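Hi there,

Here is the structure I promised to pass on. Have a look at it first, and my notes follow below.

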Amino acid sequence: MQLTTEQLKEKIKEYKKRLNVTIVAHFYQRDEVFEIADITGDSLELAIKTRDDDSEFVLFCGVGFMGQSVKVLSPNKRVVMPKAACCAMATMIDGMQFDASVKVLNDAGIPNENILPITYINSNADVKAKVGEMGGMVCTSSNAKKIITTALKEGKKILFVPDRCLGQNIANQMGLKSCVIGDGTNPADADIICYNGFCSVHQLFTMDDINFYRKKYPGILIAVHPECDPEICNAADFVGSTSQLINYIKKLPEDQKVAVGTEFNLVNRLRPKNTFVLSSTKPECPTMNETTLKDVYDVLKSIDEGEPLNEIEVDEKTQKWAKIALERMLAL
Ligand code: 13P
Ligand code: SF4
């Protein structure tokens, strides 16, 4: 028999009382999932709050790299995911492609000792481990500027993977020179050399969208995530991580209109009025949106039955170096 939404919510509540489990959800999760979570936040907040949580199980509603980061930081925790969902951007680079990127810099006359790699948290543990082994660290969309500012003090070239947009946006904000591997620029001429990865959801937002809203509602504010194209971020009134966007919009006067360039579940939850999705196409992260209440219920049931579904495992060497890269970030 198929359970109704209300029945699923009741059953989940019962499991939560009985099992030693914390449910974690990113802002891009469907409302039904977001509402039953114990911990919510942007990538950085989720990494910190789950590390400090002492439940035996973390049930992570998000994408693979997020659950993996919890496992890397706290290998004794058991991390399960309702869906083995992966972030499309994170799949754009693996360990071998990271090595090939380092070689591009080497071929341009930049030896390894002059390269400081930084990986956006939206990458898999093997890439974080490579970065950790080379003395680099992780950043998120909320702390990228701070991490890059610190990294630059070492006087090295920064290899930024995988999101070219975040790398270029931070470089623009800081007045630094950036390039994207393969764009014809000599890496030796740039301060930040970006890998050519991107988020297809955030590529949806265009200058036409911004112009449309500014024309339709003079005085409207445009707020976007830094995974958007540099052209979009330069034209926006505010650029920030998911949490930063939420805090910015919460503080606006009720009658201030705002168009937001990020995933639609987050935007629709913000304010009842005067908030628009900055696109005529629905900006949906397909993998984030895959997780349903039923999936959460199924995983809880599997924990209860002693055979947890979709449990995350990271091998020892990868875990060690990826943890170092994540902890360098957290120490800052
Ligand atoms: P935040 O760290 O801002 O939550 O971003 C995560 C993400 O995947 C955005 O697409
Ligand atoms: Fe990855 Fe983009 Fe989805 Fe964020 S919105 S999880 S970057 S695919």
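A definition to start with: on a 1 Å grid over the protein atoms alone, a cavity is a set of points where a 1.4 Å probe fits but cannot get out, a pocket is an open set with protein on both sides within 12 Å along at least five of seven lines, and lining residues have an atom within 4 Å of a point. Volumes are the space filled by probe spheres set on the points, with grid points joined across faces, edges and corners.

This is a predicted model, where local features need pLDDT of at least 70, side-chain atom pairs count only at pLDDT 80 or more, and totals for chains, interfaces and linings use all residues. Residues are numbered from 1 along each chain as its sequence is written, chains are lettered from A and ligands numbered from 1 in the order in which they are written, and side-chain values use heavy atoms, with hydrogens and water left out.

**The cavity**

The structure has one cavity of 30 Å³ or more. The largest cavity holds about 50 Å³ of space, and its lining is made up of Ser43, Leu46, Ala47, Phe60, Met66, Ser69, Val70 and Ile121. Six of the lining residues are nonpolar, two are polar and none is charged (Ala, Val, Leu, Ile, Met, Phe, Trp, Tyr, Cys and Pro count as nonpolar, Asp, Glu, Lys and Arg as charged, the others, Gly among them, as polar).

The largest pocket contains about 320 Å³ of space. It is lined by 29 residues, and Tyr28, Cys87, Asn122, Cys199 and Glu227 are the closest to its centre. Helix 3 (43–51) and helix 4 (64–73) are the elements that give two or more residues to this lining.

Ligand 2 sits in the largest pocket (more than half of its atoms lie within 2 Å of the grid points). Around ligand 2 (a heavy atom within 4 Å) are residues including Val63, Ala88, His202 and Met288. By class, this shell has eight nonpolar, two polar and one charged residues.

**One strand residue**

Leu116 belongs to strand 5 (residues 115–120). Leu116 counts as buried because its relative accessibility is 2% (buried means under 20% relative accessible area, with a 1.4 Å probe and protein chains only).

Happy to chat about any of this!

How values were computed. Helix = DSSP H or I, 4+ residues; strand = E, 2+ residues; numbered from the N terminus. Buried < 20%, exposed > 50% of the residue type's maximum accessible area, 1.4 Å probe, protein only.
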